Amino acid sequence: QVQLVESGGGLVQAGGSLRLSCAASGRTFIFGSYVMGWFRQAPGKEREFAAAISQSGSMIYYADSVKGRFTISRDNAKNTLYLQMNSLKPEDTAVYYCAAGRRWGSLAQYYDYWGQGTQVTVSS
């Protein structure tokens, strides 16, 4: 079984920063063989793509809404994915999910495994 466990969410004021982590585990899960991504879902909204990183970390893709403010990274030796979020805005408020997939892209259907989600709330 594959487990993706997130941490780092919470309440922050607009303009502040948070760093989300996603720790991956599983007997047969090879972390370095998967594209990893971050998605978010606000109340009443569809889940939307935020950022993705290739297996080696050589390719990175951001949604326009987070570009220049968020940084996705991974440490394959630690089986951990990160999302550094700076200059946070109230519209960033959402449940954030990490995901692992086999295809490079921004579509949720490309991702096979998902974390439980962690709440990020940005106050104005």
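Arg-40 and Asp-92 pair up through their side chains in a salt bridge, 2.9 Å from N to O; the term covers a side-chain nitrogen of Lys or Arg within 4 Å of a carboxyl oxygen of Asp or Glu. Arg-40 sits in strand β4 (residues 35–41) and Asp-92 in the loop between β8 (80–85) and β9, so this contact ties together parts that are 52 residues apart in sequence. Strands here (E, at least two residues) are DSSP runs, numbered from the N terminus. The model is predicted, so local features need pLDDT of at least 70 and side-chain atom pairs count only at pLDDT 80 or more, while totals for chains, interfaces and linings use all residues. Residues are numbered from 1 along each chain as its sequence is written, and side-chain values use heavy atoms, with hydrogens and water left out.

Asp-92 also bridges to Arg-69, at 2.7 Å from N to O. Through shared partners, Arg-40, Glu-48, Arg-69 and Asp-92 join into one network. Arg-40 is buried at 5% relative accessible area and Asp-92 at 1%, where buried means under 20%, exposed over 50% and partly exposed in between (1.4 Å probe, protein chains only). In total, 5 salt bridges turn up. One of them links Lys-67 to Asp-64 at 3.2 Å, N to O; Lys-67 is partly exposed at 49%, and Asp-64 is exposed at 67%.

The whole structure holds 1 disulfide, meaning a pair of cysteine sulfur atoms within 2.5 Å. Cys-22 and Cys-98 form this link, with 2.0 Å from S to S. The link is right-handed, with 50° about the S-S bond. Cys-22 is buried at 0% relative accessibility, and Cys-98 is buried at 0% too.

Notes. Helix = DSSP H or I, 4+ residues; strand = E, 2+ residues; numbered from the N terminus.
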